Amino acid sequence: QQNRLNTAAEAPQATATPKPLNKLTLALDFTPNPNHTGVYVAQQKGWYREAGIDLHILPFSQNSFPDTLVTQGQADVAFSSTETIVLDAAKNQPIVSLAAILSHNTSVLVTRDDGSIKRPKDLDGKKFGSYGAPYEVPIVSTAIKHDGGKGNFKNIILGTDAIQAVITKQVDFAWVFGLDVEQARAQGAKLKTFSVTEYGVPDYYAPNLVSSEKTIKEKHDLLQTFMEITQRGYDYASKNPEEATKLLIAGAPQGTFSDEKQLEQGQRFASSHYEDEGMKWGVQDAKIWKAYVDFILKTNSVTDDKEKPVKALDSTKLFTNEFVK
Amino acid sequence: MKRSWISLYGPAMILALVLLLGWQMYTRIGNVNPLVLPAPTEIITTLGKSWDTLFDHTVYTLMETVLGLALATICALVLALIMDLVGVVRRALYPLLILSQTIPIVALAPLLRIWFGFDMGPKILVVILFCFFPITVACIDGLEGTPGDLIKLLRSMKASRWQQLWFVRLPGALPSFFSGLRIAATYAPIAAIFGEIVGAEKGLGIFMQFSLNARATAQVFASIVILSLLSLFLFGFVILLERLALPWYHSTTASNRDGDNVSRKSK
Amino acid sequence: MKRSWISLYGPAMILALVLLLGWQMYTRIGNVNPLVLPAPTEIITTLGKSWDTLFDHTVYTLMETVLGLALATICALVLALIMDLVGVVRRALYPLLILSQTIPIVALAPLLRIWFGFDMGPKILVVILFCFFPITVACIDGLEGTPGDLIKLLRSMKASRWQQLWFVRLPGALPSFFSGLRIAATYAPIAAIFGEIVGAEKGLGIFMQFSLNARATAQVFASIVILSLLSLFLFGFVILLERLALPWYHSTTASNRDGDNVSRKSK
Amino acid sequence: MEQRSIAVSIKKVSKRYLHQGREVPVLQEIDLTVPQAAFVSLVGPSGCGKSSLLHLIAGLDEPDEGEIILHGDSKSSRAGKCGYMLQQPLLLPWRTVEENVILGLDVRKTPRKEALEKARDLLKRFGLADFAENYPATLSGGMKQRVALLRTVLFQNELLLLDEPFGALDALTRQTMHLWLQDLWESISASVLLVTHDIREAIFLSDTIYVMSHRPARILQRYDVDLPRPRKIEDLSQEHVIQLEQKIFAQLMEEEKV
Amino acid sequence: MEQRSIAVSIKKVSKRYLHQGREVPVLQEIDLTVPQAAFVSLVGPSGCGKSSLLHLIAGLDEPDEGEIILHGDSKSSRAGKCGYMLQQPLLLPWRTVEENVILGLDVRKTPRKEALEKARDLLKRFGLADFAENYPATLSGGMKQRVALLRTVLFQNELLLLDEPFGALDALTRQTMHLWLQDLWESISASVLLVTHDIREAIFLSDTIYVMSHRPARILQRYDVDLPRPRKIEDLSQEHVIQLEQKIFAQLMEEEKV
Ligand SMILES: Nc1ncnc2c1ncn2[C@@H]1O[C@H](COP(=O)(O)OP(=O)(O)OP(=O)(O)O)[C@@H](O)[C@H]1O
Ligand SMILES: Nc1ncnc2c1ncn2[C@@H]1O[C@H](COP(=O)(O)OP(=O)(O)OP(=O)(O)O)[C@@H](O)[C@H]1O
Ligand SMILES: Cc1ncc(C[n+]2csc(CCO)c2C)c(N)n1
Ligand SMILES: [Mg+2]
Ligand SMILES: [Mg+2]
């Protein structure tokens, strides 16, 4: 199948003599956003189709976890995150990271820029608006403790957009992707951020593209093709943020974006983090994986399917660089 | 006639206007963050601006709703009939049906997705799950409401159970059925929205989710407006259907013989 | 007596058991991922294991529910009375009340959060918003249902409007009020769960959300079991209340004078 | 007759109702008198306006023309001055029999204890003592009507307006009720205006019978019933009584037809 | 009498109902005969078991003891062989008058056209042609009962079981209905068994009257009404008729008291 991957010039020929397309389903971790751009670029450019892949992007919904869709075999690949991969592994629902979307952890603690909070330490006793995931509290309190605080705060589970809750003063801080902050700023929000990696939280990959061991085994060649093209998509988006923004808008369901300026700023941020200088997009480092696993297991927040804390986990099984050589 | 229309709906209109005006003032003067509460005018502008997109999503949701409602009606009718005809089935199912109403849909989402995928299926199923209960209960009540003497009469005519059902019990249960359908129709669009959290590409619920994540609050409110209109539309449609299907029912409850109101003793 | 109890609830119990067994088999034999659908036995084990945590959250949700229901009842009574006594208020409010039922609470969450913070306030408010409508409508129906002749009788006795209300219309509206309350009570716990997504630290809804995010599906189902039990408990409580408050109503609808069933002509 | 004082006197009373935008005349120059302690009946075709007339007398509405003089007074409000009883017993199911009987006194704010004493006394006198603490649902139709009558009497025993009080009872029960009502009436010497469709009932109970025309109702004729009191059922078989019955019947059939 | 053939003959019929776990005897060795084309009435105190008896004859239930012989046949099912009419008119509000009248024929699967023709003919013969296409809601109480009677007759005109068909009508309307029913009965020469509380009604319409005891019901007495046909209202004032009425009344009052 690999040799079917031809140059764009041959594409018209390929469509003239239709070859059998192989269906591949992809699940999203959020409404379409610049983390997903590479996929949308490749799809809009017709690269998947040329390579014989009929890509189905499953609609995102708050209640369908992309990793679960993969473990259930309802999706072949999905956007997820290192936190979730570890969580699932502990619950005996193994998924494998095929690629890191961004080279580094861009997640931040975000608060209003009104001078009341100057450093993570000041967040002690404040209201934290969370998604309700089990890894949030340990990570956030690590950052606060690292800055000399006690790491105690009120954990309020919002279920809805955390940045909005911060802006409207319903909570004092939240933990989000750097991308989210860029977009909120584009909307005019005045926000202050603390990068968690600067405060004792290891650098790890989020989001990631994941798949299941079963799919990797059964659809190996198809995945290989998919990942190569996806890599091309992210390469393109890395180099042409403006063009990529347009393709993202065109590819995402109608009505996803209400504000293009906001999106452009987010895309510029994401494009600058897709691949570090001199590195290929998606490649992951075993040391980084081990660091996160060690870190999060120590907090006792990762539990098995009997809800008992997990003490050890083989981090090398959680990812592969096989598809992004 | 015209005057009575105004005196009937006038107060509600005026109150609605006052509330809208108050809202407008509050958002303007109270310096409210439009991310939290957009002004009514802003919602209207958004409605106009996003009309094409909104329309698309609305059509999808409407389709889910109508299909779901139709299937729910069929299921409810069949179930009500079976429960009515077979005592054991009824005593076995009724308590469980009531119990089932206390289960939040969220829990079923993953299952529905696995069994039915991402197409319209699971959303329609959620609408059915929401709507069939009030219709079933209304149908059973209606069928039960047949006066015992009427059944006696039919039995004395040697009517079979099916004839009793067809000639007397079903037609007699129709008014009750329609009142159940009215309630179901009102809630059906909200049910469809819930169904969309199972996973969907289109629909007002999805649009709301997009808008929430994009912090486009005016769009969220615009979707709510459309949703309310959908509910009202379906409600009105059922009422229309009822008037067409049961001319005898409404001519009775309204005024009797034209002009002559001499009400002779009847009971 | 005992036999009739069995024949009344037996079929439902048997069906419930069969369904549970089928579920157990399906999860075991069908090789279903326990993350999607845990076996009933697993849910029971989880209930036992997480009992302390669950109990904590349940108490919180129950408090929200009961407070919300109580306040909803008060609001509904007051509103029904005002709407009943003042025609203009009624015509102004009724259509808007119905319209308000078509608004999904989810969309209001951010607003409620802003206005009422994270304490019990907004959750109780959501319960009130969910529950006061059926109670209000039932009360108004009940008050309206007073036979016109009874009002004539009172008026011929020169009874004031308040006396008419107190002696005749309110007591007569009680059965209807209770049937509204019964419905409201059944839905109140689900309403509380919805209220919790507004943002909360505790409660069954939060526990469910947390369990979902932690992919602890058995815990999600355990919460649902508790939720159903809460609904049933409240439903039973309202029925008990009704029997205590309206002894005349139930002695009437059940069998008449003990033993002697000679039904004299009454109408 | 002229010497006896007058309980109600109705003078040229007319009433129109608005029905679907049109004014429908219902009562037309009705003249009628109920002397003190007399039993007067009103018969007429269905829907002619009998209930409407009682409605006016009870003070629930005002006539368009004419006047209604209650105990010599035509000015002040009539509400609360008559015992008005409708066809249905209208007992409150949540009140026991004795509590139902004191409803009128409750409205008048009579102290509970005093009211209940009076009610119990009345119930005892008219053979209902055993049921005083029953709920109405446990009573037969005839019993209910008796309780309703006693409620009416306890509220106001000078003038009773009875609108087909026995219309819903079966023929036998009705006959027992006639005897009972005659008894009651004699022992409290109230003035009664009774509306009925049952000519025998009217004859058996009344001193005077007014026959009304079809709508708009006028008084067609007034009959005095010449029978000594207390009357017995057998009295109805007297020749002149049967003739009276047939005369009224013929008159009414004529009116029903039109 | 012995020569005329028999429509129904009831022989030592007993019936017990289960009420709150206890067996309550309702009918006790009832003996009763309705000759062909005769009009027989059944009077008795309330709740004694009159309706229960009709219930049995109509084939809705089986007696515990004794037998019911319908047209000489005591074996085969009785359902569908009598025209059974209950106190309420029980018209179907969604069917027009003519459609209501053909209900029995619909049950028998008679073709619509044929059935409607028969119904229209009947409605015309008995003065209801103008209302054939009305909905029942637009009819007065008396009209409704007429339609219900015609429905019964159209279904089965050999034996009619009428359970207080006029109990809910006002006294005047009832009297008109008596004349109408007499007319109808004579023109179709059906056998009728009528249950009523109204002794005059029974006397006016019947050839034979059975008086029942209080529950458990036995036949107390059987009276033959000696009046030529067709009867007029005036006939009821005849001396011997009034005596009969009073005798039955006294008998029933006695039974009601126990
Ligand atoms: N408040 C009202 N508004 C309009 N029309 C009315 C009103 N009250 C009575 N009518 C009409 O006036 C007429 C007389 O009614 P009323 O009840 O007084 O008759 P009735 O003689 O008591 O009849 P029945 O014998 O049925 O008791 C009827 O045609 C009725 O429809
Ligand atoms: N199916 C039944 N099950 C139990 N008890 C019954 C049943 N049918 C009738 N009864 C009882 O049998 C007695 C006689 O009832 P029935 O209706 O035959 O009397 P009735 O003479 O027609 O009375 P009414 O004069 O009120 O019409 C009543 O006490 C009634 O409660
Ligand atoms: C663009 C984007 N914004 C927010 C989320 C939601 N989210 C889920 S977990 C988490 C914390 C970091 O892992 C965040 C921010 C997302 N998935 N993608
Ligand atoms: Mg009247
Ligand atoms: Mg009976």
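**The surroundings of ligand 2**

User: Which residues are the closest to ligand 2?

Analyst: This is a predicted model, in which local features need pLDDT of at least 70 and side-chain atom pairs count only at pLDDT 80 or more, while totals for chains, interfaces and linings use all residues. Residues are numbered from 1 along each chain as its sequence is written, chains are lettered from A and ligands numbered from 1 in the order in which they are written, and side-chain values use heavy atoms, with hydrogens and water left out. Ligand 2 lies between chains C and E, and 16 residues surround ligand 2 (a heavy atom within 4 Å), the closest being Gly47(E), Lys50(E), Ser51(E), Ser52(E) and Arg215(E).

User: How far is an oxygen atom of ligand 2 from an N or O atom in the side chain of Ser52(E)?

Analyst: Polar contacts here are pairs of N or O atoms within 3.5 Å. A backbone N or O atom of Gly47(E) is 2.8 Å from an oxygen atom of ligand 2, and for the side chain of Ser52(E) the distance is 2.5 Å.

User: Which element gives the most to the shell around ligand 2?

Analyst: Helices (H or I, at least four residues) and strands (E, at least two) are DSSP runs, numbered from the N terminus. In chain E, strand E1 (6–19) and helix H1 (50–57) each supply at least two residues of the shell. With three residues, the element that gives the most is H1(E).

Conventions. A polar contact is a pair of N or O atoms within 3.5 Å; within protein, one must be able to donate a hydrogen and the other to accept it, and residues adjacent in sequence count only if both atoms are side-chain atoms.
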